[in-house]
Amino acid sequence: MIDDRPVLLETRGTCMHLTLNRPRALNALSHTMVRLLDEALARAEQDEAIHAVLLSGAGDRGLCAGGDIRALHDDARASGRASLEFWRDEYRLNARIARFPKPYVALMDGIVMGGGVGVSAHAGIRVVTERSRVAMPETAIGFVPDVGGTRLLAAAPGELGTHLALTGRSVGAADAALCGLADHHVPARLLPALTEALGETAGPGVTVEDIVQRFATQPPVGELAAQRDWIDACYAADTVEDIVRKLRESGVPAADTAADELLTKSPLALKVTLAAVRRAARLDSLEAVLDQEFRVSSRAIEHPDFVEGVRARIIDKDHAPQWKPGSLAEVDDQEVARFFAPLGPGEQELGLAPEPADTSAGEGRAG
């Protein structure tokens, strides 16, 4: 009999094993799944018999492809509020994972995108495989990286995070580690053995990290390290227009390809994303970044680019979105600033940070 519960929970020895269980939907996160994960972690935190938590995805295609985009799209078309409540709980879950006091191991096998990054890349121990493809591809659907992704990308070396945030490109195991999104590479064939080992009671002096290290190997060679020169030079520009110009002028074919990619994305989403990553670098905590991202997401779902982006990429799959505005030059700076402004009357801030997020911070890099 097939178990159709969206999140499976099994305790093996001292390890609580959580499995995202929507394989047909690439384990896309629903609001129910977010709540179940949060409840399980709250119990694990208080249970002295649980020494570690393991997160994995059902099926062999990936840990999690992100949030349930179709549900968000339908809610946006209906001018609903369900998406805001979903994000409110999802972002709180992201913060809980980052602050979880016990070892939290995320198996980032296969596709790990958007919300999948949120439930894994904030973990204390992040395991990728040769099949991993990690991405924050939001600009392709008229949205902006969230789930703490702007903080993760802002902290990547040089301008690698800016490159990934704007293009939405996916990276493999080595590049995920280079960008600070993963810690260890374990061959996919060894994941069952690793899972079994984590369920065993660790002996004196043996940590969860020690167990993971037993299975870790060198990942296949990545691509980004060899591209740092042109990425750092081009993406250090102050505006998206200047980034595109520098990519064109670099004389590097890969940079020219990146410029082509950028010009297929939502112009507004690109400009808001660049501002979000730069601002995230100046905020002092994940909670402050999540507060900022909640404001941005609240504005993004109101804009027609999100519905149009999902239509073109996910629903009709014609890959021909009609963005509004249609070019970078037409994007108003005041419209970009509006995404970061405090929420208005009748709207509730996320409020995770002890003090309000500094939304007026200038551009800068993560320290």
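Colleague: Leaving aside its neighbours within four places in sequence, which residues is Thr 195 in contact with?

Modeller: This is a predicted model, in which local features need pLDDT of at least 70 and side-chain atom pairs count only at pLDDT 80 or more, whereas totals for chains, interfaces and linings use all residues. Residues are numbered from 1 along each chain as its sequence is written, and side-chain values use heavy atoms, with hydrogens and water left out. Thr 195 is found in helix H8, residues 191–198, where helices (H or I, at least four residues) and strands (E, at least two) are DSSP runs numbered from the N terminus. Taking contact to mean heavy atoms within 4.5 Å, the partners of Thr 195 beyond four places in sequence are Arg 12, His 17, Leu 54 and Leu 107.

Colleague: Does Thr 195 count as buried or exposed?

Modeller: Buried means under 20% relative accessible area, exposed means over 50%, and partly exposed lies in between, with a 1.4 Å probe and protein chains only. Because Thr 195 has 11% relative accessibility, it counts as buried.

Colleague: Which residues touch the most other members of the largest nonpolar core?

Modeller: A nonpolar core is a set of buried Ala, Val, Leu, Ile, Met, Phe, Trp, Tyr and Cys residues joined through side-chain atoms within 4.5 Å. The largest one has 98 residues, and those touching the most other members are Leu 20, Leu 37, Trp 87, Tyr 104, Tyr 235 and Leu 247.

Colleague: Which helix gives the most to this core?

Modeller: The protein has 16 helices and 9 strands. Among the elements that build this core, the one that gives the most supplies 8 residues, and it is the helix at residues 267–280, namely H13.

Colleague: How many residues are in the other core, which lies apart from the largest one?

Modeller: Its members include Val 105, Leu 107, Ile 125 and Val 127. This other core lies apart from the largest one, and its residues number 16.

Colleague: Where is Leu 26, which has a positive phi although it is not a glycine?

Modeller: The phi of Leu 26 is about 55°, and with a relative accessible area of 12% this residue is buried. Leu 26 is found in the loop between strand S2 (15–20) and helix H1 (31–46).

Colleague: What is the relative accessibility of Val 147?

Modeller: Val 147 has a positive phi of about 45° although it is not a glycine, and its place is in the loop between strand S8 (133–135) and helix H5 (149–154). Val 147 counts as buried, because its relative accessibility is 1%.

Colleague: What radius of gyration does the protein have, beside that of a compact globule?

Modeller: The radius of gyration is taken over C-alpha atoms, and the globule rule is 2.2 Å times the number of residues to the power 0.38. For 367 residues a compact globule would have a value near 21 Å, and the protein agrees with this, having 20 Å.
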